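Q: I have a new structure open and would like to learn how to read it. Can we go through it feature by feature?

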Amino acid sequence: MNEMIVMNEVSKVYTIGGENVHALNKASLSIRDGEFVSIIGPSGSGKSTLMNIIGCLDTPDSGEYVLDGQSIRAYSEKQLAKIRNKKIGFVFQSFNLLAKLTAEENVELPLIYQGTGYSERKKRVQEALERVELTARRHHKPTELSGGQQQRVAVARALVTRPSLLLADEPTGNLDSKTSVEIIRLFHELHKSGNTIVLITHDNEVAKQAKRILHINDGKVTEVA
Amino acid sequence: MFVQSLKMAMKAISGNKMRSFLTMLGVIIGVIALVVLVSLVSSATDSITDQVSSLGNNLLSVSIMDDKENPLKLSEMSDISGDGEIDLVSPLAQANSAVKTGYADETATVYGIYPSYFEIQSLALDSGRMLKTADVENSCYVAVISYKGAEKMFGKTDAVGEKITVGGRSIMIVGVLQEDESMMSMFGSDISLYMPYTVVTRITGQGTAVNSFYASSVNTESMDDAETALENMMLKRFKGDSDAYSIVNQSSLMDTMSSITGILTVLLGGIAAISLLVGGIGIMNIMLVSVTERTREIGIRKAIGAGHGTIMLQFIIEALVLSLLGCAIGIALSWGIIELVTLVAGDTITFTMSASVVGIAVAFSVGIGLIFGIYPARKAAKKNPIEALRYDG
């Protein structure tokens, strides 16, 4: 199987209050296409930085990061936006849906940014909403949906562009245990149908759901057997 | 992408109606100020210009300021009209005088003139006859009265043959002028009596010296030549002293007037443009607030693939829609106000919305939307997606 993510001695240094903080310190990891991996680590471990770099929201100071065969270097803001749009589907802890748009419009948004035509857009949105079983509530706004439903809309939005990678940042963090199970089950289904999923969490129980667990601490990534 | 940005802008604007309206209010007021003020001034200018030019564009009026103890005599009038460039000449003796009939007791403006005066001033008869040269030569006690004057003094307009007492002398009305519907009728008294020059000078006791007279050129085109000819004649008559008299050219009067109203238009337009500018600053202010409030939205949009340009476009279009919507509402309201003013003003002046000022208002609004939209839009587009996603507003 192909490598979806390859990180080779990636470092990221932030300067906070005149002090250099090594958020990532020569971190290396590799994730293959179709894998379901969770990355676990306490707060302050460099987890967020790792996610930002995997999600192309940020670029490494040194080291190499290859996503789906494409080396991510110090690209311009515009190029990074394009890569995010095409290759990555984000699922956030706080759902991050646009409150003024309906479920359907939220799901449609990445396709609009891609410049997809109207009929193709409608078809793909319909597909994505069917996938998360929310077709019936597609005209509702986020505030009219339950937490679990909102997160399913977010998953549909992540899926609609058929990304190389589904990147979930504490996707169950704002949900009760029952809906958490539902969302995790949805991830399992997506994994079965061939999606590569990276789940970032601090919760051991959630992390165990994945086939493979990576541990991050002090800016270094280690495999958990 | 443009259409989508427009849709998003409309959503953002309609999602916060009160704030959007208040933001637009600045532009609305600015546009109303600009369109209404400039339209009113230019309409008024057009009307006045029309009125003045209907008085005759070939009119020269001469006042003698200092006769150097050698006053202009009535007999000299024919010398002036004898010149090739000058067509008609009429001396003018004007006085306010108490007039009395069995019906009313009023003050009238009395004009002592030659018959040619009616032609120079383009006055037309409603009934009766004009003054004749014989009336002047024989100092006949006859008069032509204005339409309104006839109504006031006799209670009727067919006043021909009636008697009126002017300065203690009984004068017979021989003609009634047509009603003066021009705006100029608003100035001066309604009651005008036109009488032979010789009669008026006798009644007022001012002697036969001519202190002021009207002349007309052969046609409008030869106006300047006529003025030059008259100037030369006067200069010669008063031994080279150009301060002894003054010649007023109707068309130069109009030029002066139009340059004054031009300045007025620019001045009012400028003040209105400043209020539009203030409206633009209001837009920028609200856009800046909006960008901060929507930091998280911007973060989400960036995370799912909106680039710098896309975010920028969205916010610029939002600013543009705000300013253009304000402009459209302003123009609609201006139209209403101008219609209302026209209604109130009656038929003396027709106020119309000036198409060019509407164009300027639209162009100005677009400019303001762009100029005051760019800064907030850049601020939005430059936001770091990671920080923006973390923003808790």
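Q: How many helices and strands does chain A have?

A: This is a predicted model, so treat what follows as computed from a prediction. Chain A has seven helices and ten strands.

Q: Which scores does the model carry?

A: The model scores ipTM 0.92 and pTM 0.74. For chain B there is also a mean pLDDT of 86. In that chain, 96% of the residues reach 70 or more.

Q: Why does the radius of gyration of chain A agree with a compact globule?

A: Start from the chain length. A compact globule of 225 residues would have a radius of gyration near 17 Å, and chain A has 17 Å, so the two agree. The C-alpha atoms of chain A fill a box of roughly 50 × 40 × 40 Å along the principal axes. Of its 225 residues, 48% count as buried. Now look at contacts between residues at least 6 apart in sequence: in chain A, 73% of them join residues at least 24 apart.

Q: What is the strand order in the open sheet of chain A, S2 included?

A: Here is the general idea. In a regular strand the side chains alternate between the two faces of the sheet. Now the case in hand. Four strands of chain A form an open sheet in the order S2-S1-S4-S5, with antiparallel pairing. The edges are strand S2 (19-32) and strand S5 (70-71) of chain A, each pairing on one side only.

Q: How many bridges join S1 to S4 in chain A?

A: Strand S1 (residues 3-16) and strand S4 (residues 62-67) of chain A are joined by five bridges and run antiparallel.

Q: Where is the hairpin formed by S9(A) and S10(A), and how many residues lie between them?

A: Go to strand S9 (residues 212-217) and strand S10 (residues 220-224) of chain A, which pair in the antiparallel sense over five bridges. Two residues lie between S9(A) and S10(A) in this hairpin. In the turn, A:Asp218 has a positive phi of about 50 degrees.

Q: Is H3(A) largely enclosed or open?

A: Count buried residues along the helix. Eleven of the twelve residues of H3(A) are buried, so this helix is largely enclosed by the rest of the structure. The buried set includes A:Ala103, A:Glu104, A:Leu109 and A:Tyr113.

Q: What covers the buried residues of H3(A)?

A: Both chains take part. From chain A, the cover includes H2, helix H4 (118-131) and H5. From chain B, it includes helix H1 (2-14) and helix H11 (308-345). Just after H3(A), A:Gly115 takes a positive phi of about 85 degrees.

Q: How many residues does each chain bring to the contact?

A: The general idea comes first. The size of an interface is often given as the accessible area lost when the parts come together. Here we count residues instead. Chain A gives 20 residues and chain B gives 18 residues. On the chain A side, helix H2 (77-87) and helix H3 (103-114) each supply at least two residues. H2(A) has the largest share, six residues. By class, the side of chain A that touches chain B has eight nonpolar, five polar and seven charged residues.

Q: Is A:Val155 buried or exposed?

A: Count its neighbours. A:Val155 has 26 C-beta neighbours inside 10 Å, so it counts as buried. The residue is found in helix H5 (residues 147-159) of chain A. Leaving aside neighbours within four places in sequence, A:Val155 is in contact with A:Val91, A:Val132 and A:Leu186.

Q: Which residues does B:Phe372 touch, beyond those up to four places away in sequence?

A: B:Phe372 touches B:Gly280, B:Ile281, B:Ile283, B:Met284 and B:Ala319. Find B:Phe372 in helix H12 (residues 355-381) of chain B. B:Phe372 counts as buried because it has 26 C-beta neighbours inside 10 Å.

Q: Which domains does the assignment give for chain B?

A: The domain assignment gives domain 1 (2-52 + 256-390) and domain 2 (66-243) of chain B. The C-alpha centres of these two domains of chain B lie 55 Å apart.

Technical notes
Residues numbered from 1 in each chain as written. Chains lettered and ligands numbered in written order. Predicted model: local features only at pLDDT ≥ 70, side-chain atom pairs only at ≥ 80, totals over all residues. Contact = placed C-beta atoms within 7 Å. Nonpolar A, V, L, I, M, F, W, Y, C, P; charged D, E, K, R; others polar. Pairing = 2+ DSSP bridges. pLDDT = per-residue confidence, 0-100. Rg over C-alpha atoms; globule rule 2.2 N^0.38 Å. Buried ≥ 20, exposed ≤ 12 C-beta atoms within 10 Å, placed from the backbone. Domains from an automatic or database assignment.
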